[in-house]
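Visitor: I am new to this structure. Could you walk me through how to read it?

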Amino acid sequence: MAMYRSAATRRYLIRMAVLMSIYIMLIFTAGWTFRHTSIAGIPAYALAIAPALPIIGVFWAVMRLLVEEPDEFIRMLQVRQCLFATGFCLTVMTIWEFLQNYDLVAPGNGGFGAAFFWFVGLGLGAFFNKVTMGTVGGCA
Amino acid sequence: MKNRLKVLRAERDWSQQDLADRLEVSRQSVNAIETGKYDPSLPLAFRIADLFDMRIEEIFQRD
């Protein structure tokens, strides 16, 4: 059975591939630079923020998919997926914050920030769509 | 909302994919509408009605 893939979905996948490639390049560049050089000041801030930019780009790509997807049912599934991801992310981060407030877990996030849990939420949202609507949607 | 999409499609010997192609939507959309999991927007309902040369209320009825 043919998997539905609109022009909007193809554009989304290309954008994701480009953004993830840039992310991988920047995360290794930033890691190496901070470990092996004495970078400081404004360049350090710029380099530290650089890997966040393609992640922000992924948020943009997902929102563009919602705007560009021509199939209204598929678009509804994608919106449900994003809402599920947002709710999941806010829930995890809120619980985590309170656990930290009362010193029950260590401070910091060990690299697992809001974006990570939002992406996990997208995956769970796809599963939620599959169970409740019989099909996944298509984001992530 | 109930609908007669499956019957109308069967009368023409169309698969869900055939109908989806004619409506320029995904097969998943046709399946979701047929099974009552999704009610189409008014523009899509008009496109469905136009395709079958019927009025919307001849295809879609209240529960």
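**Starting from one residue**

Guide: Start with Phe128(A), which sits in helix α5 (residues 114-133) of chain A. Keep in mind that this is a predicted model.

Visitor: Is Phe128(A) buried or exposed, and why?

Guide: Count neighbours. A residue is buried if 20 or more other C-beta atoms lie within 10 Å of its own. Phe128(A) has 20 C-beta neighbours inside 10 Å, so it counts as buried.

Visitor: Which residues of α5(A) are buried?

Guide: The buried residues are Phe117(A), Trp118(A), Gly121(A), Leu122(A), Gly125(A), Ala126(A), Phe128(A) and Asn129(A). They pack against α4 of chain A.

Visitor: What follows α5(A)?

Guide: Gly134(A) follows, with a positive phi near 85 degrees.

Visitor: How should I read a positive phi elsewhere?

Guide: Look at the residue type. Most residues other than glycine have a negative phi. Asp103(A) has a positive one, near 55 degrees, and is not glycine. Asp103(A) lies in the loop between α4 and α5 of chain A. It is exposed, because 8 other C-beta atoms lie within 10 Å, and the cut-off for exposed is 12 or fewer.

Visitor: Where in chain B does Asp13(B) lie?

Guide: Asp13(B) is in the loop between α1 (5-11) and α2 of chain B. Its phi is also positive, near 60 degrees, in a residue other than glycine. With 7 other C-beta atoms within 10 Å, Asp13(B) is exposed.

Visitor: Now step back. How many helices and strands does chain A have?

Guide: Chain A has 5 helices and 0 strands. From the N terminus, the order is α-α-α-α-α. Its C-alpha atoms fill a box of roughly 55 × 40 × 25 Å along the principal axes. Of its 140 residues, 23% count as buried.

Visitor: What share of the contacts in chain A links residues 24 or more positions apart?

Guide: Take contacts with a separation of 6 or more. In chain A, 70% of these come from residues 24 or more positions apart.

Visitor: Which domains does the assignment give for chain A?

Guide: It gives domain 1 (6-70) and domain 2 (71-135). Their centres, taken over C-alpha atoms, are 20 Å apart. Each side of the contact is then listed: 7 residues from domain 1 of chain A and 7 residues from domain 2 of chain A. On the domain 1 side, 5 are nonpolar, 1 is polar and 1 is charged.

Visitor: How many residues of chain A are in contact with chain B?

Guide: In chain A, 8 residues are in contact with 10 residues of chain B. Helix α4 (residues 72-101) of chain A gives the largest share of the chain A side, 3 residues. By class, that side has 4 nonpolar, 2 polar and 2 charged residues.

Visitor: And how do I read two helices that cross?

Guide: Read the distance and the angle of their axes. In chain B, the axes of helix α2 (residues 16-23) and helix α3 (residues 27-34) come within 8 Å and cross at roughly 110 degrees. That makes α2(B) roughly perpendicular to α3(B). From α2(B), the contact uses Gln16(B), Gln17(B), Leu19(B) and Ala20(B). From α3(B), it uses Arg27(B), Ser29(B), Val30(B) and Asn31(B).

Key:
Residues numbered from 1 in each chain as written. Chains lettered and ligands numbered in written order. Predicted model: local features only at pLDDT ≥ 70, side-chain atom pairs only at ≥ 80, totals over all residues. Domains from an automatic or database assignment. Contact = placed C-beta atoms within 7 Å. Nonpolar A, V, L, I, M, F, W, Y, C, P; charged D, E, K, R; others polar. Helix = DSSP H or I, 4+ residues; strand = E, 2+ residues; numbered from the N terminus. Axes fitted to C-alpha atoms, helices over the stretch in contact; angles between N-to-C directions. Parallel < 35°, antiparallel > 145°, perpendicular 65-115°, else oblique.
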